[in-house]
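Subject: Structure for you to look at

Hello,

Here is the structure I said I would pass on.

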Amino acid sequence: MAANGVPAQANGVPPEADGVPPEVERPATEPPGEELPPGGPVLATVAGVVPVLTGLVAFWLARGLGLGTLTDPGPGLWPTIVAVLLVVSGAAIVARARRTTDTEAFTRGTGVVLVGAASLALYAFLFELVGFEIPTVLVLVLWLRFFGRESWRTTALVSLLTTAALYALFITALGVPLPHLIVI
Amino acid sequence: MDLTPVLSGFAVVFEPQNLLYCLLGVTLGMLVGVLPGLGPAATIAILLPITYGIEPAAAVILLAGIFYGAQYGGTITSVLLRLPGEASTVVSALDGYQMARKGRAGSALGIAAIGSFIGGTASIILLTLIAPLVADFALQFGPAEYTLLALIGIFMVATLSSGSLVKSVAAAGVGLLLATVGLDPMVGTPRFTFGSDQLADGIDFVIVAMGLFGVGEILYNLEHRLRPQPAVLSFGRAIPTRLEWLQSRLAVLRGSVVGFVLGVLPGGGATMSSLVAYAVEKRAAKDPSRFGKGAIEGVAGPESANNAAATSSFIPLLTLGVPANATMAVLFGALLLQGIPPGPQLIVDHPDVFWGVVNSMYVGNIFLLLLSIPLIGVFVRLLRVRAAILAPLTVLITMVGVYSIRNNVFDMFLVVALGLLGYGMKKLGFEPGPFVLAFVLGELLESSFRRSMRLFEGDFTGFVQRPVSASLVALLVLTVVVVPALRAIRGRQAAQVEHDVATPSPDGGLAVASTRSEE
C-alpha cells in the first residue's frame with residue numbers, strides 16, 4: 001500500500017535514453033489514456049462510506065426478519081452478522097482514507113461509461129418489444145462509431161456481421177427463443 | 001489406489017467431441033490471454049449460458065481449457081509488448097521483454113511454452129495422486145467443518161487478492177449480503193426481495209459473474225479506450241537453444257513445485273506463484289544482477305509456476321467444493337449449472353466428470369504446446385485486433401447470453417446494474433474476486449453456520465471440540481496471523497515488479513537497483 005512508497009505509475013525515464021526508437025518503447029511504458037489520475041481523499045472516504053451505509057440499511061432490514069437465538073438462528077441473524085462486518089470494514093476504510101491511493105478519479109471518460117451502461121439498459125428494454133436485431137445494430141453503431149471512432153465502413157460491416165453471427169449462434173445453433181423480426 | 005476410474009477418464013477425454021471442446025477451450029484461452037482486457041474469469045462467465053446445453057464433462061473440459069490456456073497466451077503480450085495479458089504473467093514481462101529487445105523473443109516464448117507444459121503436466125500428475133486422498137478425508141466433514149472451510153476460503157482470497165485488505169473484506173461482505181437475497185435456506189422467509197417475484201428465487205450466480213466480470217470489465221475498459229496500436233517486436237522461431245534449455249531446466253522444475261504448492265492454497269493461485277517463483281530464481285542464481293536484463297530463468301520459473309498453480313487450484317474446488325480463486329468460483333457456478341455440486345462427493349458420484357476433466361488437461365497442455373510453438377504467429381497477428389471492436393461484440397454476447405438463461409429481460413437489467421456495480425468497485429479500489437467468491441460461498445457458509453449452531457446448541461466452543469474442525473480453527477487463526485505477514489512481503493514484491501515494468505531503464509537492471517536505494 002502507500003507505505004511502500006513506490007508510485008505505481010512511475011515512468012520518468014525518457015524512452016530515448018538508450019537509443020531505442022521511441023515508437024518501439026513508448027506503448028509499453030506509457031500507453032496514453034491508460035493511466036487515469038488517482039482519486040483524492042474524498043473518493044477514498046466515499047469508498048468506506050458506501051459499505052457502512054449498505055451495512056446500516058441491511059442491519060435495519062434484517063431486524064424486521066427476526067434474529068432468533070444462537071441455538072435456533074432466525075432468518076435475520078446471518079444478514080445482521082454480515083451487516084456488522086460491512087460497517088466495521090467500511091469504518092476501517094474511512095479511518096485510513098487519507099493514506100490510501102488505490103482509488104481512481106472519475107474523469108470525462110466516466111460519462112462514456114454511463115452512456116454505455118444506459119445503452120445496454122435501453123437494449124434490454126427494446127429487446128422484447130422490437131426483437132433483438134434493431135437494438136443490436138444500434139448498440140454496435142454507438143460503441144463502434146462513437147466510442148471507438150471506427151470508420152462508417154467498419155461500423156456497418158461489423159454491425160451487420162455481428163447481428164448475423166448472433167442470430168446464427170443463438171437462434172439457429174443453440175435454439176434459444178430470442179425475440180426476432182427476421183424469420184429464416 | 002484404484003486406477004480404473006482414472007483410465008476410464010481417458011476414455012471420456014478421447015471421445016471426439018470432447019477432444020474438440022478441449023481444443024476449442026484452450027484456443028479461446030490463448031485468445032483471451034493474448035488480448036488484454038477480458039480475463040479468463042470474465043470469458044468463462046460470459047460463456048456459461050452457451051455451455052448450458054452441453055454435457056457436463058464436455059462443458060467443464062471447455063471452460064477449464066480457457067483457464068489454463070490463458071496462462072500460456074498472457075505470456076505473448078508480456079514478452080513482445082511488455083503489456084501483460086494476464087496478471088499472472090506480469091512478472092514474465094521483466095526479463096521476457098528485455099530478451100525480446102535483444103532479439104531473443106523466440107527463446108523467451110519457447111521456454112515459456114515448454115516450462116508451462118512441464119509445470120502444467122507435473123501438476124496434473126500430482127493432482128491425480130493427491131485429490132482422491134483429500135476428497136476421501138473431506139467426506140467426514142460436517143457443517144462445522146464446512147463453516148470453517150468457507151470462512152478460510154473467503155478470508156484467504158480476501159487477504160491474498162491484490163487490493164487492500166479491508167476493502168477485500170468489505171467486498172466479500174457485500175457478496176455475502178447479496179447471497180442472502182431470496183428465500184431463507186432453512187425456513188423459507190423471503191429476505192431483501194422488496195416484494196419482487198423476480199428476486200424471490202435469489203440472484204443467479206451466473207448473472208453475478210457475468211455482470212461483475214463481464215459487463216463490469218467491459219465498462220471499465222471503455223474509460224481506458226483509444227489506446228494506440230502497440231508496436232510488436234518481431235522474432236523468428238519460438239524455440240530455445242540447447243544451451244538456454246540447460247540454463248533454465250532447473251528453473252522450470254523449481255517453478256513447477258512452487259506453483260503446485262501455492263496453487264492449492266485459497267487465494268494463492270497463478271499470480272502469487274509467479275511472483276514467488278521469480279523471487280526464488282533470483283535467489284538461486286549465481287549472478288542475480290542478470291535478472292531484469294533478460295535472464296531466461298526469470299521467464300522459465302514464473303511461467304512454469306503459473307501453469308502448475310492454475311492446475312493445482314482445481315484441487316480445492318473438485319475435492320472440497322471450495323473455490324481457491326475467482327476463476328474457480330465461476331467454474332463452481334458452471335458445475336452447479338450442470339447439476340453437479342462440487343465437493344468431496346464429486347469424485348465418487350461423477351467419476352467420469354472428475355477424471356474426464358483432470359485427464360483432459362494432459363491433452364489440453366499438448367494442444368497448447370502446439371499452439372504456442374509452431375502456431376504462435378497466428379496469435380501474434382491477433383494483437384492487431386482493436387479493442388474498440390472487441391468490446392461491443394463481447395458485451396452483446398453477454399447480454400444475449402444472459403437473456404438465454406431464463407428468457408427473461410429482468411436478468412438483462414440486473415446484469416447491467418451489476419456491471420455498473422463492478423465498474424464502481426474497480427474505480428474505488430475494490431477487487432471483484434472476493435465479492436464473487438463470497439457470493440458463491442455465501443449460502444454454504446450461512447446454512448452450515450446455522451446447522452452447526454443448532455448442533456452445538458448455541459455454544460461456540462463446539463467448533464473446537466471436534467478434532468477436524470478444531471484443526472481448521474487453528475488454520476483459520478494461523479491464516480489471520482501468517483497471511484498478513486505474507487501479504488506484506490508480496491505487496492513489496494508486487495510494487496517492485498509493477499515499478500520495474502513501468503520504468504524502463506537503460507539496461508533494465510538499474511530500475512531495480514535505484515528503487516532499492518530509495519526505500
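Predicted model: local features only at pLDDT ≥ 70, side-chain atom pairs only at ≥ 80, totals over all residues.

Chain A
Chain A contains six helices and zero strands. Of its 184 residues, 28% are buried. If you take the contacts in chain A with a separation of 6 or more, 58% of them join residues 24 or more positions apart.

Chain B
Chain B has 519 residues, and 62% of them count as buried. Its secondary structure consists of 22 helices and two strands. Among the contacts in chain B with a separation of 6 or more, residues 24 or more positions apart account for 80%.

One helix in chain B
Helix α19 of chain B covers residues 409-427, which is 19 residues. From its first C-alpha to its last it reaches 28 Å, close to the 27 Å expected at 1.5 Å a residue.

Why can α19(B) be called largely enclosed by the rest of the structure? A residue counts as buried if 20 or more other C-beta atoms lie within 10 Å of its own. In α19(B), 14 of the 19 residues are buried, so the helix is largely enclosed by the rest of the structure.

After α19(B) comes B:G429, and the phi of this residue is positive, near 85°. You can look for B:G429 in the viewer by following the chain on from α19(B).

Regards

Note on methods
Residues numbered from 1 in each chain as written. Chains lettered and ligands numbered in written order. Helix = DSSP H or I, 4+ residues; strand = E, 2+ residues; numbered from the N terminus. Expected span 1.5 Å × (residues − 1). Buried ≥ 20, exposed ≤ 12 C-beta atoms within 10 Å, placed from the backbone. Contact = placed C-beta atoms within 7 Å.
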